[in-house]
Amino acid sequence: MPATTRRQAHSPRAHRPSNPQTARWGSVALCRPRRASTLVAVGYLISRIKGQDGGVLAELRLAALLDTPWAFASTYESELGLSLAQWSERARRGATGGDAATFVATEGDHGVGLVSAFRARDDPSSVELVSMWTAPSARRRGIGSALVAAVLNWAAEAGPGRVSLWVAEDNDAAINLYAAQGFTRTRDTQPLPSDPVRMELRMQCLLGT
Ligand SMILES: CC(C)(COP(=O)(O)OP(=O)(O)OC[C@H]1O[C@@H](n2cnc3c(N)ncnc32)[C@H](O)[C@@H]1OP(=O)(O)O)[C@@H](O)C(=O)NCCC(=O)NCCS
């Protein structure tokens, strides 16, 4: 995986399609997770992170925060200070057990995508999807969709429930991605924690029986 060493200038406007087909307001829809057999596609592999892959997780997550700082609630600076032990603990949580999961997309030896999810402590049927990212060189090839589908399949293992996420309201690429997987917008909005002059909106979908 190429190490990203400096922040690049990005703005959500630069990623906007000229005619965005963004998700519209709607009632909560059913998620559309694909079967696990469809999650391996030519050229890339989606897999759950391994407990010993704290370094891989750190590299992917920091690359994501450098690449598209405007897309995330957290910042590169806030996560740069995490120790390898802390990244390893995150990887361990995401690797096993039912309360959290992290999936990575790899091409050969290179990590090209990341997503994490966790269950609410007080309501295990409620799953939060976070940290969604595909490396720029690997976009528009279905990797983001496959990562979201991996989360939906993992969430569905616990039975019926709900998967929710926050997304910056000017992030049309991500909103389109989530809408294609069955997420709809709710009316919940809040300031983006990393850039409070911008807003993020809540999307969610229901896991059927
Ligand atoms: C959003 C993101 C994860 C999409 O990843 P990806 O691997 O390119 O997604 P996919 O190839 O699976 O695309 C699935 C669908 O999403 C939508 N989409 C993806 N990128 C898009 C773009 N730039 N503009 C408009 N729609 C887009 C399309 O509907 C696409 O289907 P299509 O290619 O058949 O038209 C990726 O662009 C990314 O990492 N962006 C920066 C980080 C980010 O925004 N994370 C989300 C935080 S909430």
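**Helix 3 and its surroundings**

Analyst: The buried residues of helix 3 are W87, R90, A91 and G94. The model is a predicted one, and helix 3 comprises residues 84–95. Viewed down the axis of helix 3, its buried residues fall within an arc of 100°, so they line one face of the helix.

In length, helix 3 has 12 residues, and the distance from its first C-alpha to its last is 16 Å, close to the 16 Å expected at 1.5 Å a residue. Just after helix 3, G97 adopts a positive phi of about 80°.

What lies over the buried face? The cover of the buried residues of helix 3 includes helix 1 (54–67), strand 4 and strand 5.

Strand 4 spans residues 100–107 and runs antiparallel to strand 5, to which eight bridges join it. Within this pairing, A100 stands opposite F118 of strand 5. The hairpin of strand 4 and strand 5 has two residues between the strands, and in this hairpin G108 takes a positive phi near 60°.

Strand 5 (residues 110–120) is itself mostly covered, with eight of its 11 residues buried. On the side of strand 6, strand 5 is joined by seven bridges, and these two strands also run antiparallel. A120 stands opposite D123 in strand 6, and a hairpin of two residues connects strand 5 to strand 6.

Strand 6 (123–134) supplies at least two residues of the shell around the ligand, as do helix 4 (143–156) and helix 5 (172–180). The largest share of that shell, six residues, is contributed by helix 5. In total, 22 residues surround the ligand, and the closest are T134, R139, G144, S145 and A173. Sorted by class, the shell contains 10 nonpolar, eight polar and four charged residues.

Key:
Residues are numbered from 1 along each chain as its sequence is written. This is a predicted model: local features need pLDDT of at least 70, side-chain atom pairs count only at pLDDT 80 or more; totals for chains, interfaces and linings use all residues. A residue is near a molecule or strand if its C-beta atom, placed from the backbone, lies within 6 Å of it. Helices (H or I, at least four residues) and strands (E, at least two) are DSSP runs, numbered from the N terminus. Ala, Val, Leu, Ile, Met, Phe, Trp, Tyr, Cys and Pro count as nonpolar, Asp, Glu, Lys and Arg as charged, and the others, Gly among them, as polar. A residue is buried if 20 or more other C-beta atoms lie within 10 Å of its own, exposed if 12 or fewer, and partly exposed in between; C-beta atoms are placed from the backbone. Two strands pair if DSSP finds at least two bridges between them. The expected span of a helix is 1.5 Å times one less than its number of residues. The arc is that of the directions from the helix axis to the C-beta atoms. Two residues are in contact if their C-beta atoms, placed from the backbone, lie within 7 Å.
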